[in-house]
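Have the sequence and the 3D view open as you read.

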Amino acid sequence: MKPSNKRFRWILIAVVLCAIGAGGAGWWWRSYRPKAIATAALPPRPDLAGMPSQLRDRIREADDAVVAGRDSIESLAELSRLYHANGHLAEARQCYEGLEKLDPREGRWYYRHAMIVAGFGEMDSAVALLRKATEIDPSYLPARLRLGDILLKDNKVDEAIAVFDGAQSRDPGEPYSLLGLARCDMDRALWQAAREKLERVVQATNYALGYDLIVPVYERLGLQDRAAEIRGRMKAWGAFRDMADPWMEELNADSYDAFQLSVVAGAMKVRGDRNAARTLLERSVSLAPNNAALHFQYAMLLVDLSELPKAKTELERCTVLDPTFADGWAYLSGVISTMGDNVGAQRVFAEGLARCPNSPGLHRMQANQLRAMGRIDEAVREYRESIRLRPTEAEPYIELGMTLMSAGRTADGLKEFENALVAEPENPMVLTTLAFNAIQTHDETAARQWLDRARKQPRVLPDDIQRLVGAFRQTFGREP
């Protein structure tokens, strides 16, 4: 063999060996590096003695899968979900640190990690993680909003404004980020700018957002009447709705905390996502099948969904589990009546009252039924029993007062309306009723006094005030 050929052969062998070595290194990189990272991120298994056996088994299986190198990312991700959803936050945090190395283009890991460290008070770390999450997925609104909130609380107002403005540029008029900008205006004492933003927020959300901030803004601007109107009407508007947060809500599927699931389900129902609420409540009931309150909550959702037979079954289970839970009997009777079985409804109601003799609500329901049947004296006794058991609610006094007045006992009825004002000062219905009665009885002085009080109560509807003013004008021939 010529020297040149021999040299060529050795060069070729070297090239092949290098290629094999490079391929082997790549294979090692793909196969063993993920396993090494996942294993290093594996937290020590906590004490799970008080946890459900299914949760313990799933954690053990995910642990074993990480050690064996089986689908390292998914195994560590499952472990992170199980720990996070069930309150083992330090362990979940360690899993996320590994997932950020294994799967650095998935925003969930950084976001959930940020939620944990923010709860630990490590705000600088939370900010860094949230910035990374928003870089990976600029469209995920909750990450932007959480980042803006933390920056604002840390007095980094300009940075917070930039974050909220970024959300507005993607979705103009989005209420949560607009609310964030209004808070930034308030922080800088820009009250008129804050007012303009908050008015847009409360109109867009029917006062579910922003109502608690717009009152002090109106007061700062000297708009005391507007502030009083909002404060007085808050009871009539919807409850606060937190934003949807799918990356966190996904964890609920791995939660074994029945109570926590029921709380989240309540929030979902308020938000209008009744299907998601149903899924969570079904899981909650399956985890704690002997909890009467959970069966009741699930039944109330089924009533909203018009699934009365299923609601009846849940309420029956509720009354078996806790026969002293008065609301279970009350709603079971109502569902049975709605289904057309009035005899069965009355039987259930009577059993409920016998089981819960100290329930003011059941005595009040009994009074309403007796009044509807014309059995006034018995109804009055039941109203008085309801009041005795719970004297701080206005409604039984009002219903008793109306019953007495309809029976011709006007003076006794008016006295009960006045008692209602002791239980709930400035109750709108009481004020308007007493004002109207004074007008009907031609007591101009009393009519002026009650009408003045009604005008000062923001929860009295403007239409009711106008009707009272018209009646006053027609009766006395002058303006009140």
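## A cluster of rings

Tyr111, Tyr140 and Trp247 are linked into a cluster by ring pairs. Keep in mind that you're looking at a predicted model. Searching the whole structure turns up six aromatic pairs.

Let's zoom in on one of them. The ring centres of Tyr140 and Trp247 sit 3.8 Å apart and their planes are at 15 degrees, so this pair counts as stacked. Tyr140 is found in the loop between helix 6 (123-136) and helix 7 (141-153), while Trp247 belongs to helix 13 (residues 246-249), so the pair ties together parts of the chain that are 107 residues apart in sequence. Are these two buried or exposed? Tyr140 is buried, with a relative accessible area of 9%. Trp247 is buried too, at 6% relative accessibility.

## An edge-to-face pair

Now hop over to Phe296 and Tyr331. Their ring centres are 5.5 Å apart and their planes are at 75 degrees; planes over 60 degrees apart count as edge-to-face, so that's what we call this pair. Here, too, distant parts of the chain are linked: Phe296 is in helix 16 (residues 292-304) and Tyr331 is in helix 18 (residues 326-338), 35 residues apart.

How do the two partners compare in accessibility? Phe296 has a relative accessible area of 13%, so it's buried. Tyr331, at 41% relative accessibility, counts as partly exposed.

## Two helices side by side

Two packed helices can be described by the angle between their axes and the distance between the axes. For helix 4 (residues 89-102) and helix 5 (residues 107-119), the axes come within 9 Å and cross at roughly 150 degrees. Angles over 145 degrees count as roughly antiparallel, so helix 4 is roughly antiparallel to helix 5. The crossing of helix 4 past helix 5 is left-handed.

Which residues meet here? Helix 4 brings Leu89, Ala92, Arg93, Tyr96, Glu97, Leu99 and Glu100, and helix 5 brings Trp109, Tyr110, Arg112, His113, Ile116 and Val117. Sorted by class, this contact between helix 4 and helix 5 has eight nonpolar, one polar and four charged residues.

## A buried threonine

One last stop: Thr319, a residue of helix 17 (residues 308-321). Thr319 has a relative accessibility of 7%, so it counts as buried. What does Thr319 touch, leaving aside its neighbours within four places in sequence? Its contacts are Gly328, Trp329 and Leu332.

Notes:
Residues are numbered from 1 along each chain as its sequence is written. This is a predicted model: local features need pLDDT of at least 70, side-chain atom pairs count only at pLDDT 80 or more; totals for chains, interfaces and linings use all residues. Side-chain values use heavy atoms; hydrogens and water are left out. Axes are lines fitted to C-alpha atoms, for helices over the stretch in contact, and angles run from 0 to 180 degrees between N-to-C directions. Helices (H or I, at least four residues) and strands (E, at least two) are DSSP runs, numbered from the N terminus. Angles under 35 degrees count as roughly parallel, over 145 as roughly antiparallel, 65 to 115 as roughly perpendicular and the rest as oblique. A crossing is left-handed if the near helix is turned anticlockwise from the far one by less than a right angle, and right-handed if clockwise. Contact means heavy atoms within 4.5 Å. Ala, Val, Leu, Ile, Met, Phe, Trp, Tyr, Cys and Pro count as nonpolar, Asp, Glu, Lys and Arg as charged, and the others, Gly among them, as polar. Rings of Phe, Tyr and Trp (its six-membered ring) pair if their centres lie within 6.5 Å; planes under 30 degrees apart count as stacked, over 60 as edge-to-face and the rest as tilted. Buried means under 20% relative accessible area, exposed over 50%, partly exposed in between (1.4 Å probe, protein chains only).
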